[in-house]
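Could you walk me through this protein model in plain words?

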Amino acid sequence: MQTAHDRRFFVGTDIGGTFTDLVVLEDGAPPRLFKSPTTLPDRSGGVLAALELAAEAYGLDLLEFTRRIDHFAHGTTAATNALIERKGAPTALLTTRGFADTLLIQRSMTSWVGLGAATGHYSRRRNPEPIVPRASIVEVTERIDSAGREVVSLDLAAVRAALVEMRDGDTEVGALAVSLLWSFVNPAHERALAELIKQEWPTAYVTLSHQVAPVIGEYERTATTVINSYLGPVIRDYVNLLETRLRQAGFTGELSIMDSGGGVMRAGDAAARAASMLTSGPAGGVLASVALARRLGHRNVITSDMGGTSFDVGLIVNGEPLVERISEVGNYHLALPRIKVQAIGAGGGSIAWVDEVGALVVGPESAGSVPGPACYGRGGERPTVTDADVVLGIIDPDHFLGGRMKLDRPAAEEAIRRHVAEPLGMSVTDAAAGIRQVADNQMADLLRKVTVEQGHDPRDFVIYAYGGAGPTHAYAYAEAAGIGTLVVPPTATVHSAFGTVISDRYRAVQTTDPQRTPPGADDPAAHLDSDRIAATFATLIDRCHADLDRDPRATFTRIVYLKFRRQTQELPVVVPAGPLDGQMARHLVEDFLASYERIYGAGTALRSAGLELLTLRVEGRVRVTELAAAAPQRRGTLAAAVLGQRSVHFPETGLVPATVYRGESVGPGLSLPGPAVLEFAGTTVVVGPRQQADVDDDANLVITAREDS
C-alpha cells in the first residue's frame, strides 16, 4: 500500500487579490484544495502558507512535502498589477526617427482606450499615464522599407552617445525597448542596436520588437515591446523570489509560469516574455474549463470567475477558448495572442457605497485581503459584497474557509447600516439585498456583453462558475442572463490554480506576411499564394519547436487571420491538418466567410470585396502533467450531507428556510432542490428557490431550473 512518503505530487497555484489558491494532484486520486490569504507586498508568503496547509493535510512536514513535488505551476496577477499601478521599471524607447510619438498617439485612441465606443462615455475620457515619458524616447536615424531594403543606414555613433548620456545621467532608466519601423521584415538594425546596448549598457533589460511582436502595426508592436521591458525586471525579480523561497523550502522539481496565450512556460522564460503574463491567472481558469467541457460534452461555455477583487469572463466556442490577437491591457493595445478574458471590478471584496446622487454603487474599488471586508475583523469599515452575503444568511460566519477563519456578522451589519442603509433610508437587510442585486446584475450584464458582441446568444451556452465567490452568486447572475444550465466543478474554489497544473507547456509565434486578393474575384483563394503561406508556416513551426526544446511530443496548430480589404478587424481561421495547397486555401476562405456571417449576420460577407491575409500564427504544445484518473467517487447519501436549515434572504422570496449541506459530503447521484446552500471549505454554493442541483459522477454540481418552478 502506498504511503504519503511514497507519493509524488503536482502542484498548481494562483495568487489573487484576496486569497492564494493551491491544488495538489497525484496519480489515481482526486485533487486536494487549499486556500490561504494573499500576503502583501511579498506574495510568495501566501504560497508558502498554502504549501504548509497542504503538507499538514498529507501528514508531512513542509520540507518533505516540497521535496516530493515534481512539477509546480503558478498563475499570478503580478504583471497586471504592476502595469495598472504603474510600478514597472523606468523604461526608455529607441525608435525610428519621425516615429517618437507613435506610443503617445495610440492611433488617436489615447483618451478612449478601455472605454469602448459608446459616446455616453465621452465625459470619462482620459489619457493614460505614459509608460515612457517623451524625454525618454530616443529617435534613431535609420530606415528599412516594407520590402526589407535598407533606405537609410543606421547611425550607431549617435545612438551610442544617447545611450551613454542616459546611462551616466540622472535618469533612473533600467530597461530599454527597441522598436524600429519594419523590423519584423528585416531585423538587422534592431540586432545591431542590441549588440551596441550589450557593449555600452550590459545591465539594462532589453526587448527587441522583432522578437516579441514581429507583426505589422507600429503602435501595437511598439506598445508590446515597451510594456515587455517595463514589466520584465519586475517579473524577473518576482519569479526569482518565488523560486528562491520554494527551493529553500525543499522544492527540487520544475517550476512553470502560466502564459496568457494558453499554457505554461518555463520559469526561466518568464522575464523575457513578461507581457505574455498579463492575464496569467484568469487564463488558467479558462483552460481548466476547456478540459472540463470536453469531459462533459459541452461545446459552448461561458467561464465565470468571481474572486475577491474581480469578475472574469471567458468564452469557449465549439470546444476551443476564444483567443484574441490584439488585446487591450492597462489602456494600451498589445500584439500578443491571449485567451480573451473580460473583467469588471465585481468580487467578494468590492466596496458598496452611495454616490452623490443617492444611487447605490458596488465596486470597482475592492477591500482586498487587507483590511478586507468589515466582517474579516481586520480593520475594514466599509461594506462589501461578502458583508452583504453574511448579513443575508448566505455565508455562515462560523464556517468560512472551513471554519479556519471566523467572520464578524455584527461588524458587517454596522458597515452596511452606516454606509448604505441609513443614507438610503432602508433596513440593513434590504440594503444588503440591494448590494447583492447590484453586483449580480453587473455580472449578468457582462455575460450578455461578451456573448452578444461575438455574435452569440447567451441562452445557447452553459455557464461554469468558480472562484471563491463565483458559486455563491452564479445562481443569480446566470438566471438574470437567461442561461439555463450552471455547472460548479469540484475544483471551483481553486479552478484557476487547477488550470495551471493541468496545462500543456505552450509557445506561440506569429509573423506578418501580407497577401491580398483583388476586389471582384469570383474565387479569392485562387489569388492566394498557398506555397508561400506553407513556407511561412514551416518557418514558424521550426521557431516554435526550437522554443520547445525540440521536444518530439510537441504538437502544432496553424492559424491564419483574414479580413475584408479596408476593414480593420481580422478573424482567426484554424488551418486543418494536411498540405496547404489551393484546395486548402479555398477551405480557409469559406471558413472565414462563414465565421464572418455568424458574427455579423447573414448576408454581411461580401466575397467580391477582396480579402487580406496579414498574420500567420503557430501554437505549439507539449504535455506536462500525465496522471492516472481518480477512482470513481462513492454514491452520496442525503443523511451524510445535511447539516440542517437556516434562514436565507433571496430577492424573489425574501427570508426563507434553506437546507444547508456539507459540500464535501455531497456525492454523485444526489439531487438537491432549492433553496439550498452547500458549504465547502473554500466556497459556498447557492441553489436558488426555483432551481435544483444534481451531482454527476465526477462530483460536478449541475444546477438547472426545477420542473415545478
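Here is a short briefing, grouped by topic.

This is a predicted model, so keep its ground rules in mind: local features need pLDDT of at least 70, side-chain atom pairs count only at pLDDT 80 or more, and totals for chains, interfaces and linings use all residues. Residues are numbered from 1 along each chain as its sequence is written, and side-chain values use heavy atoms, with hydrogens and water left out.

**Overall build**

- The chain has 17 helices and 35 strands (DSSP runs numbered from the N terminus: H or I of at least four residues for helices, E of at least two for strands).
- Its radius of gyration is 26 Å, close to the 27 Å that the globule rule gives for 709 residues, so the chain is as compact as a globular protein of that length. That radius is taken over C-alpha atoms, and the rule is 2.2 Å times the number of residues to the power 0.38.
- Along the principal axes, the C-alpha trace spans about 80 × 65 × 60 Å.
- Of the 709 residues, 56% are buried (under 20% relative accessible area; exposed is over 50%, and partly exposed is in between, with a 1.4 Å probe and protein chains only).
- Take the contacts in the chain with a separation of 6 or more: 66% of them come from residues 24 or more positions apart. A contact here means heavy atoms within 4.5 Å.

**The second largest pocket**

- How do you find empty space in the first place? Rolling a probe the size of a water molecule over the atoms shows where it is left.
- The search uses a 1 Å grid over the protein atoms alone: a cavity is a set of points where a 1.4 Å probe fits but cannot get out, a pocket is an open set with protein on both sides within 12 Å along at least five of seven lines, and lining residues have an atom within 4 Å of a point. Grid points are joined across faces, edges and corners, and a volume is the space filled by probe spheres set on the points.
- The second largest pocket holds about 670 Å³ of space. It is lined by 37 residues, and the closest to its centre are Gln-211, Val-212, Ala-272, Arg-273 and Arg-507.
- Strand S25 (505-516) is among the elements that supply at least two lining residues, and so is helix H15 (530-547). S25 gives the most, with six residues.
- This lining divides into 19 nonpolar, nine polar and nine charged residues (Ala, Val, Leu, Ile, Met, Phe, Trp, Tyr, Cys and Pro count as nonpolar, Asp, Glu, Lys and Arg as charged, and the others, Gly among them, as polar).

**Closed cavities**

- The whole structure has three cavities of 30 Å³ or more.
- About 70 Å³ of space lies in the largest cavity. Strand S14 (311-317) and strand S20 (341-344) each give at least two residues to its lining, with S14 giving the most, three.
- That lining has five nonpolar, three polar and one charged residue.
- The second largest cavity has about 40 Å³ of space. Helix H8 (218-248) and strand S5 (91-96) each supply at least two of its lining residues, and H8 gives the most, with three.
- Here the lining splits into three nonpolar, five polar and two charged residues.

- A cis peptide bond joins Gly-363 and Pro-364, with omega about 0°; Pro-364 sits in strand S22 (residues 360-366).
- Gly-674 to Pro-675 is a cis bond too, with omega near 0°. Pro-675 is in the loop between strand S31 (671-673) and strand S32 (676-679).
- Asn-318 isn't a glycine, yet has a positive phi of about 55°. You'll find Asn-318 in the loop between S14 and strand S15 (320-321).
- Asp-549 also has a positive phi, near 60°, and lies in the loop between H15 and strand S26 (555-564).

**Buried or exposed?**

- Asp-440, in helix H12 (residues 428-452), counts as buried because its relative accessible area is 6%. Leaving aside neighbours within four places in sequence, Asp-440 touches His-473, Ala-476 and Tyr-477.
- Gly-603 is exposed, at 54% relative accessibility, and lies in the loop between helix H16 (582-600) and strand S28 (611-622).
- Cys-375 is buried at 0%, and Cys-544 is buried at 0% as well.
- The structure holds zero disulfides (pairs of cysteine sulfur atoms within 2.5 Å).
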